[in-house]
Amino acid sequence: MNLVLLGMPGVGKGTQAQKIAAHFLIPKISTGDMLRSAVAQKSELGIKASSYMTTGLLVPDELVISLILERISQPDCNQGYILDGFPRTVVQAQALEDALAKRGASLDWVISIEASEDLLVARLVNRRQCGVCQETYHLEFNPPLQPQKCDRCGGELIQREDDKESTIRSRFAVYQKQTFPLVNFYEKKNMLKRVNGNEAVEVVFAQLLEQLK
Ligand code: AP5
């Protein structure tokens with residue numbers, strides 16, 4: 001099963017992708033996580049991507065396309081995968097479609113998670129992420145057992161640099177301009193399913209499973 005999760009920043013793509021990956025035993029592939037670890041390692045990709053990410057802009061298509069095409073050709077993707085944060089532009093979507101077609105493959109479903117902007121700001125400003133294993137928390141809805149410490153690995157919890165309110169608003173604008181056209185792109189191909197992301201995590205996950213039946 002080859003899946004894509006689409007949706008505004010903070011709508012819960014990463015949270016739901018992790019649950020889907022565990023449920024269907026397929027890898028979760030997040031371009032945001034891959035780029036953040038490249039930035040942390042100060043790799044060539046990380047150095048190129050860093051300034052785009054901190055200001056809420058998209059990293060250039062050619063960098064993320066090669067990153068993702070290499071990742072989905074790994075053996076652990078043979079039984080499928082869930083893409084979180086890719087594609088994000090029509091150019092990326094087309095490149096993915098072409099590369100999959102060359103391998104005789106295609107996407108199965110694209111799920112658009114949808115929620116109101118005000119709710120998303122509250123989710124993002126109170127998000128904390130482990131600096132070591134990237135596990136995500138929310139100070140109110142999913143707090144860690146000990147303040148500032150990851151339950152999973154004990155790493156320090158940090159606030160993402162792009163989770164400041166002014167940058168969040170820029171990310172929303174970038175989504176509307178560059179990523180929202182993908183809803184139409186996949187709808188026309190009869191590949192789009194929609195889920196109400198305003199609900200609690202488990203309720204959203206139940207809707208997702210229902211859509212994937
Ligand atoms: P990326 O990391 O993909 O960020 P994003 O799309 O802005 O999405 P987020 O990670 O902010 O939110 P999410 O929807 O995953 O929400 P989450 O589950 O964490 O990208 C970051 C940057 O990298 C981009 O700006 C760009 O620069 C670059 N980039 C990445 N991919 C790229 C690409 N393809 N092309 C070009 N550039 C790219 O949830 C948010 C919070 O809410 C958490 O605290 C969570 O615990 C909580 N929460 C989740 N669901 C619920 C719920 N139902 N109820 C209550 N709380 C909830």
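**Reading the model**

Q: Is Asn-190 buried or exposed?
A: Asn-190 is exposed, because its relative accessibility is 63% and the exposed class begins over 50%. Please keep in mind that this is a predicted model.

Q: Where does Asn-190 lie?
A: Asn-190 belongs to the loop that joins helix 8 (181-188) to strand 8 (192-196).

Q: What about its phi, then: what value does Asn-190 have?
A: The phi of Asn-190 is positive, at about 55 degrees, although the residue is not a glycine. In general, most residues other than glycine have a negative phi.

Q: Which loop holds Gln-134, and what is its phi?
A: Gln-134 is in the loop between strand 5 (127-130) and strand 6. Its phi is near 70 degrees, again a positive value in a residue that is not glycine.

Q: On to the backbone near Pro-87. What kind of peptide bond runs from Phe-86 to Pro-87?
A: That bond is cis, with omega near 0 degrees. Most peptide bonds are trans. Pro-87 itself lies in the loop between strand 3 (81-84) and helix 5 (90-102).

Q: Changing topic to the ligand: which residues come nearest?
A: The ligand has 34 residues around it, and those that come nearest are Thr-15, Leu-57, Arg-88, Arg-127 and Arg-171.

Q: How far is the ligand from the backbone of Gly-12 and Gly-14?
A: A backbone N or O atom of Gly-12 is 3.0 Å from an oxygen atom of the ligand. For Gly-14, a backbone N or O atom is 2.8 Å from a ligand oxygen atom.

Q: And what does the side chain of Thr-31 do there?
A: An N or O atom in the side chain of Thr-31 lies 2.8 Å from a nitrogen atom of the ligand.

Q: How much of the ligand does the protein cover?
A: On its own the ligand has 1,000 Å² of accessible area, and the protein covers 96% of this.

Q: Which elements give two or more residues to the shell around the ligand?
A: They are helix 1 (13-24), helix 2 (31-40), helix 6 (117-125) and strand 6 (136-138). Helix 2 gives the most, with four residues.

Q: How does the shell divide by class?
A: The shell has 15 nonpolar, ten polar and nine charged residues.

Q: Now the rings. How many aromatic pairs are there?
A: The structure has one aromatic pair. Phe-185 and Tyr-186 form it edge-to-face, with 5.0 Å centre to centre and 90 degrees between the planes.

Q: Are Phe-185 and Tyr-186 buried or exposed?
A: Phe-185 is buried, at a relative accessible area of 15%, and Tyr-186 is buried too, at 2%. Both count as buried because that class covers values under 20%.

Q: Which charged residues sit over rings?
A: The charged end of Lys-19 is over the ring of Phe-205, 5.1 Å from its centre. Lys-193 lies over the face of Trp-109, with 4.1 Å to the ring centre.

Q: Last one: what does the side chain of Arg-160 contact?
A: The side chain of Arg-160 makes a polar contact with the side chain of Asp-162, at 3.0 Å. Arg-160 is in the loop between strand 7 (157-158) and helix 7 (165-179), and it is buried, with a relative accessible area of 14%.

Definitions and conventions. Residues numbered from 1 in each chain as written. Predicted model: local features only at pLDDT ≥ 70, side-chain atom pairs only at ≥ 80, totals over all residues. Heavy atoms only, no water. Near = heavy atom within 4 Å. Polar contact = N/O pair within 3.5 Å; in protein donor to acceptor, adjacent residues only side chain to side chain. Areas by Shrake-Rupley, 256 points an atom, 1.4 Å probe, with all protein chains shown as cover. Nonpolar A, V, L, I, M, F, W, Y, C, P; charged D, E, K, R; others polar. Phe/Tyr/Trp six-rings, centres within 6.5 Å; stacked < 30°, edge-to-face > 60°. Buried < 20%, exposed > 50% of the residue type's maximum accessible area, 1.4 Å probe, protein only. Lys NZ or Arg CZ within 6 Å of the ring centre and 35° of its normal.
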